[in-house]
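Dear colleague,

Please find below the sequence and structure that I am handing over to you. My notes on what was found follow directly after.

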Amino acid sequence: MRQEFEKIVLTEAEIAARVREAAAWLDARFAGGSIPVAVCNLKGSSVFFTDLVRAMQTDVEFDFMAVSSYGSETLAVGKPKVKRPLFASVEGRDVILVEDIVDTGRTLVTLRQYFADLGARSFTVVALLDKPARRRVNAQADFTCFTVEDAFIVGYGLDYAERYRNLPYIAQLKESVYSS
Ligand code: PRP
């Protein structure tokens, strides 16, 4: 383990096993229907997204978007904004939003309304991680892979100052790293 990590929170094997369960859950949900659009909310979800869709049996289309959180720490700041929109229309489509983490819940609330406004037929959220201790608004993914404590975690898409996204596991960062 790297010296800047406190501990490994989720190993590569633990993540892979749970990603397969998430894919099976999606396969059951979308069996026999029209082809859903799997949406990757960049950047954090990118690693989870590519593993998840490759574990699925169901055909899916891909789309990508990005949301700016505008500092999710305080209630005073504005709500998240879509800073990079989708490539294609999702009107009348079944949307699977793939998220790395549900934290305050604001991104999820914003995107639920965003996809409703775009005329999506259905909206299903699969989240790798849930940090319920950080929730500020009422939001919940339809499928959550892991519930985690309120610690600074990185890896498997999650960053600290854009680093560590490419780690195949999830680790807790030592406080000395981000408080200095
Ligand atoms: C993270 C994460 C979610 C969002 C969740 O994105 O990917 O989209 O925050 O937070 P919330 O529940 O408090 O709204 P971030 O803004 O860190 O961007 P990134 O994915 O590019 O790292």
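Leaving aside its neighbours within four places in sequence, which residues is Leu111 in contact with? Before the reply, please note that this is a predicted model. The contacts of Leu111 are Asn41, Met65, Val67, Val82, Leu97, Glu99 and Phe123. Leu111 belongs to helix H3, and it counts as buried because its relative accessibility is 0%. One of its contacts is Val67; the two C-alpha atoms are separated by 8.9 Å, although Leu111 and Val67 are 44 residues apart along the chain.

Helix H1

Helix H1 comprises the 19 residues 12-30. At 1.5 Å a residue it should span 27 Å, and this agrees with its end C-alpha atoms, which are 27 Å apart. Within H1, the buried residues are Ile15, Val19, Ala22, Ala23, Leu26, Asp27 and Phe30. Viewed down the helix axis, these buried residues fall within an arc of 140°, so they line one face of H1. Ala13, Arg20 and Ala28, by contrast, are exposed on the other side of H1.

The cover over the buried residues of H1 includes helix H2 (46-55) as well as several strands. Those strands are E1 (5-10), E5 (94-102), E6 (122-130), E7 (143-147) and E9 (170-173). After H1 comes Gly32, which has a positive phi, near 75°.

Helix H2

In helix H2, Phe48, Phe49, Leu52 and Val53 are the buried residues. Around the axis they cover an arc of only 115°, which puts them on the same side of H2. Against these buried residues pack H1, E2, strand E3 (61-68), E5, E6 and E7.

Thr124 in strand E6

Thr124 lies in strand E6. Is Thr124 buried or exposed? At 2% relative accessibility, it counts as buried. Its side chain is joined to that of Arg29 by a polar contact of 3.2 Å. Not counting residues up to four places away in sequence, Thr124 touches Trp25, Leu26, Arg29 and Phe30, together with Val95, Ile96, Leu97 and Asp142. Among these, Leu26 and Phe30 are also buried residues of H1.

The ligand

Around the ligand there are 17 residues, of which Gly44, Asp100, Thr104, Gly105 and Thr107 come nearest.

- A polar backbone atom of Gly105 is 2.8 Å from an oxygen atom of the ligand.
- An N or O atom in the side chain of Asn41 is 3.3 Å from an oxygen atom of the ligand.
- An N or O atom in the side chain of Asp159 is 3.5 Å from an oxygen atom of the ligand.

Taken alone, the ligand exposes 500 Å², and the protein buries 82% of that. Strand E2 (37-42), E5 and helix H3 (106-117) are the elements that give two or more residues to the shell around the ligand. Which element contributes the largest share of that shell? It is E5, with four residues.

With kind regards

Notes: Residues numbered from 1 in each chain as written. Predicted model: local features only at pLDDT ≥ 70, side-chain atom pairs only at ≥ 80, totals over all residues. Heavy atoms only, no water. Expected span 1.5 Å × (residues − 1). Buried < 20%, exposed > 50% of the residue type's maximum accessible area, 1.4 Å probe, protein only. Arc of directions from axis to C-beta. Contact = heavy atoms within 4.5 Å. Near = heavy atom within 4 Å. Polar contact = N/O pair within 3.5 Å; in protein donor to acceptor, adjacent residues only side chain to side chain. Areas by Shrake-Rupley, 256 points an atom, 1.4 Å probe, with all protein chains shown as cover.
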